[in-house]
Amino acid sequence: MTRYVPAVASVLMFAFAFGAWAQSSPPQHQHVAPNLIDGAVHPERIPDSVAYRLYLVTVSTGQNPAEAEQIRQRAHLVKTGLVDTDQQIFTSILSDFRTKYDALVAEYNDSAKAATARNKTTDVHTLLEKLDDLVQSTRNTISVRLSSRGAAKLHSFVVSEKKNMKVTED
Amino acid sequence: MNRSILFLFGSLILLLDCSGAHGQGSCGASFQPHFSVYTSISREGKHIYTSVTTEGWTDISGQCNMSGATHKVQAYNQLGGTGGWNESSWSCPTCNFYLTNNETIDGEPGTTYPWFCDGSSVCSIVGTFWDDGTSCPSILGCVVPSTETTAVETAVFTTETAFNQTIGDSAGDSFDGSTVTEDNAAPGQDTCWGTWSTGPRFTGVTGGSWSVAGGQVVGQPNHWGFDDVGWTTTAVDYYRVQDPAHGVGIPCGLTGYQSMTISCPSGSVTYTPSFGNKLTATIEQTDVINCRYDMNNSVCQTISY
C-alpha cells in the first residue's frame with residue numbers, strides 16, 4: 001500500500017502542472033453541476049414532451065432497418081399494448097420521426113461546428129424549439145392515425161416510462 | 001466502482017482546470033450540461049432486450065477558444081456479462097448528441113441476469129464531465145406468464161367451443177413467438193362413458209401446442225388459441241340415447257385438468273397452478289355446456305343442440 005503513495009502524488013502534481021501550463025492554449029471549462037431529475041422519484045417533473053422525445057429517439061430506427069433492429073423495435077412496441085394494426089402505423093410514424101430528427105440535429109451540428117471553428121457558440125434553443133415542434137407534430141400524428149384506444153395506451157405507456165428516465169432540469 | 005473512480009478523478013482534473021480559468025480571466029465561459037438518460041427493458045418470451053439512450057447537449061455561454069476541444073456521449077449497457085460502453089463520435093462541444101446502446105440475450109428460467117447501465121458525456125480536454133450514475137435492476141431470465149384469462153371465441157363443429165386465451169405479467173412483457181403446450185395436471189374424468197361404450201373414454205387433454213400470437217390468433221399480442229373444448233356431435237347423439245339405456249343419467253360430461261407450459265431455452269416451464277386449468281363439457285337434453293376455468297377467470301358457452 002505505502003509504495004503506491006508516491007505514484008499517486010505524482011499523478012496529482014502532474015494534473016496541477018498541466019492545468020497551469022495549459023492556460024495559454026486549450027479551452028478552460030467552468031462546469032456547472034447539472035440538476036438531474038430522477039423520474040423514478042419525481043416523474044411529474046419530467047415534461048411529457050421530453051419523455052416523448054427520449055422514447056421516440058430510443059425506439060425509432062432509420063430507413064430500412066436491419067432485421068435485428070426490427071425485432072428489437074417490435075419488442076419495444078409490443079410492451080406498449082398496441083394491437084398489430086396500431087403497431088404497424090406507429091412503426092411508420094417512428095420512421096418519419098427519425099428521419100426528421102436526424103436531419104434537424106445534423107443541420108444544427110453543422111452550424112455548431114462552423115461556429116466553433118470561428119470561436120463562436122451557437123444558440124441551441126433554436127434547435128430545441130424545432131425538436132419540440134417535431135415531437136408535438138409526431139404526437140398529433142399518433143392521435144390522428146392510431147385508434148383512439150391505441151393512442152391512449154401509448155400515451156399512458158410513455159408517461160409511465162418516466163420512471164426509467166433521468167433528465168437534466170432546464 | 002471503477003467508473004466512479006474515473007468520474008471522480010475526471011472531476012478533480014476539471015476543478016483544477018476551472019481554477020486555472022478563473023485565475024487567468026481570459027476564458028470565462030460557463031458550461032451547463034443538459035443530458036438525459038433513458039433505460040428500457042423489453043422481453044419477448046426468452047429474449048431480453050435492454051437499451052440505454054444518452055442524449056443532450058452542453059449549453060456554453062461566454063467567449064472561449066473552443067477549437068481544441070471535442071465532446072462525445074457514451075451509453076453503458078452490460079446485460080449478463082454481455083456488452084459494455086458504446087459511444088458517439090467526437091464532435092464539437094456545442095453539438096447535440098444522441099446515442100442508444102442495445103443488448104439482447106436469451107434468458108434461462110430461474111436465472112437472474114445483472115444489468116449495468118450508465119450514461120455519460122466526455123470532453124477531450126477534461127474527460128468525463130457528466131455522468132448520470134444510473135443503476136439498473138437485475139433481470140429475471142425467461143419470465144413465464146403470471147396471468148391467463150379465457151374468452152369464448154366462437155362455437156365450432158356445432159357442439160364445441162373455441163376458447164381464446166390471453167397471457168401476461170405485471171411487467172407487460174411480450175410472450176409473442178413463444179410456444180405454449182398443454183398437458184394433464186391430473187387424470188381426466190368422464191361420467192358419460194361406460195364399459196358398453198363404443199367410443200373411447202376421456203382420460204385427459206390431447207397435448208396440443210400453440211404459438212403465442214400465431215396460428216388462429218395471429219395479430220393478437222399475448223394471445224394463444226384456439227383451445228377447442230367439447231364433445232363431438234357423434235358423441236352427444238350417442239350418449240343421449242345410450243346413457244339412459246344403460247342407467248346413466250343425463251346430464252353427463254367430461255372434466256379435464258390442463259397444465260400449461262411455455263418454452264424457454266433450457267426447456268419448458270409450467271405456469272399454471274399445480275391443479276391446472278379445469279375444462280368441462282356437459283351433455284344436456286337440449287344443449288351442451290362447455291367451460292374453461294382458467295387461472296384468472298372462468299367462462300362457459302351454452303350451445304343449443
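View 1. Residues count from 1 along each chain as its sequence is written, and chains are lettered from A and ligands numbered from 1 in the order in which they are written. In this predicted model, local features need pLDDT of at least 70 and side-chain atom pairs count only at pLDDT 80 or more, while totals for chains, interfaces and linings use all residues.

**View 2. Helix H1 and strand S18 of chain B.** Helices (DSSP runs of H or I, at least four residues) and strands (runs of E, at least two) are numbered from the N terminus. Among the elements of chain B, the lowest mean pLDDT, 35, belongs to helix H1 (residues 2-24), and the highest, 98, to strand S18 (residues 287-293). The pLDDT is below 50 over residues 1-26 of chain B.

**View 3. The open sheet S4-S3-S7-S8 of chain B.** Four strands in this order pair in antiparallel fashion; a pair requires at least two DSSP bridges between the strands. Strands S4 (82-87) and S8 (127-131) of chain B each have a single partner strand, so one side of each is left without a neighbour in the sheet. From one strand to the next, the twist averages 25°, an angle between N-to-C directions of axes fitted to C-alpha atoms, on a scale from 0 to 180 degrees.

**View 4. The pairing of S3 and S4 in chain B.** Strand S3 (residues 71-79) of chain B is joined to the antiparallel S4(B) by six bridges. Opposite B:Gln78 stands B:Gly83 in S4(B).

Key: pLDDT is the predictor's confidence in each residue, from 0 to 100. Two residues are in contact if their C-beta atoms, placed from the backbone, lie within 7 Å.
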